[in-house]
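Me: I'd like to go through this model with you, one question at a time. Could you keep the cut-offs in view as we go?

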Amino acid sequence: WAPANYNHVFTDTEGLLHGRANADVPTELTELFKNVDSIVLVESAKNALSSPAAAKVFEAVASTGYTKSFALLFTHMDHATGEDLRDGKAKKEKVFGGVRNVLDNQIAKTLSRDAARHLEAQLQENTFYFAHLDGKFPTKDEVQIKKFEKRLGKQLLEFVVCLAARKQPDLRLPGY
């Protein structure tokens with residue numbers, strides 16, 4: 001699904017709140033912001049943004065000036081449930097409602113309404129949704145599985161194109 005000339009380095013950090021007593025984003029994590037082209041928060045749609053740590057990431061990104069580097073990736077869209085969720089669009093709207101909730105109730109109140117609006121505009125274009133990444137498909141129909149795999153490849157390509165577009169040129173002098 002990725003073009004032959006695609007190069008990207010991912011730095012995966014320890015999950016938020018894993019082994020931590022509070023919900024603050026560790027300084028060692030925010031220090032990485034200046035060294036990366038993209039900051040991607042990966043959340044499960046099953047309980048999207050219900051953790052106080054996720055809201056703290058939004059706050060850390062907005063307060064440090066790295067909003068343009070921020071992207072959000074929801075996994076487990078197949079686990080987003082509700083009577084009102086009839087299709088993928090409804091699921092995306094419901095999950096993004098959690099984003100709006102964090103923006104309205106955390107960012108707008110702790111930083112500013114402008115910071116919340118700026119972050120929402122960024123995330124409108126930089127939020128990605130994935131389902132069935134565990135390979136547990138609701139069907140055994142090979143045709144349907146192939147269609148899903150093709151759609152997944154397209155989604156992954158959209159995600160990496162977004163990340164690659166942020167790549168900043170290496171401004172260091174040769175030899176340094």
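Me: Happy to start with a loop: where does Thr-67 lie?
Reply: A word on the ground rules: this is a predicted model, where local features need pLDDT of at least 70, side-chain atom pairs count only at pLDDT 80 or more, and totals for chains, interfaces and linings use all residues. Residues are numbered from 1 along each chain as its sequence is written, and side-chain values use heavy atoms, with hydrogens and water left out. Helices (H or I, at least four residues) and strands (E, at least two) are DSSP runs numbered from the N terminus. On that basis, Thr-67 sits in the loop between H2 and S2.

Me: Is Thr-67 buried or exposed?
Reply: The scale is relative accessible area with a 1.4 Å probe and protein chains only: under 20% is buried, over 50% exposed, and in between partly exposed. Contact means heavy atoms within 4.5 Å, and beyond its neighbours within four places in sequence Thr-67 is in contact with Val-61, Ala-62, His-118, Leu-119 and Gln-122. Thr-67 has 8% relative accessibility, so it counts as buried.

Me: Which residue is 31 residues from Ser-69 in sequence and 4.6 Å from it in space, C-alpha to C-alpha?
Reply: Ser-69 is in the loop between H2 and S2, and with a relative accessible area of 13% it is buried. Leaving out residues up to four places away in sequence, Ser-69 touches Asp-37, Ser-38, Ile-39, Gln-122 and Arg-166. The residue with that spacing of 31 in sequence and 4.6 Å in space is Ser-38.

Me: What pattern does the protein follow along the sequence?
Reply: The secondary structure comes to 5 helices and 3 strands. Read along the sequence, they follow α-β-α-β-α-α-β-α.

Me: Among contacts between residues at least 6 apart in sequence, how many percent join residues at least 24 apart?
Reply: For background, buried residues make up 36% of the 176 residues. Among the contacts you ask about, the share joining residues at least 24 apart is 75%.

Me: Which residues have the most contacts inside the largest nonpolar core?
Reply: A nonpolar core here is a set of buried Ala, Val, Leu, Ile, Met, Phe, Trp, Tyr and Cys residues joined through side-chain atoms within 4.5 Å. The largest one has 32 residues, with at least two supplied by each of S1 (39-44), H2 (52-63), S2 (70-75), H3 (88-110) and H4 (113-125). Another core, of 10 residues, lies apart from it and includes Leu-73, Phe-128, Leu-152 and Leu-156. In the largest core, the residues with the most contacts are Phe-58, Phe-70, Phe-74 and Val-99.

Me: How is H2 placed relative to H3?
Reply: H2 and H3 pack at about 55 degrees, with axes 10 Å apart; axes are lines fitted to C-alpha atoms, for helices over the stretch in contact, and angles run from 0 to 180 degrees between N-to-C directions. Angles under 35 degrees count as roughly parallel, over 145 as roughly antiparallel, 65 to 115 as roughly perpendicular and the rest as oblique. H2 is therefore, relative to H3, oblique.

Me: Which residues of H3 does H2 meet?
Reply: On the H2 side, the residues are Ala-55, Lys-56, Phe-58 and Glu-59. Of these, Ala-55 is buried at 7% relative accessibility, and its C-alpha is separated by 8.9 Å from that of Val-99, 44 residues away along the chain.

Me: How many residues of the contact of H3 with H4 are nonpolar?
Reply: Ala, Val, Leu, Ile, Met, Phe, Trp, Tyr, Cys and Pro count as nonpolar, Asp, Glu, Lys and Arg as charged, and the others, Gly among them, as polar. Leu-103 and Ile-107 in H3 are among the residues in this contact, as are Leu-119 and Leu-123 in H4. The contact has 1 polar and 4 charged residues, and the nonpolar ones number 9.

Me: Where is Asn-126 placed, buried or exposed aside?
Reply: Asn-126 counts as buried, at 10% relative accessibility. Not counting residues up to four places away in sequence, Asn-126 touches Phe-70, Ala-71, Leu-72, Cys-162 and Arg-166. Its place is in the loop between H4 and strand S3 (127-129).
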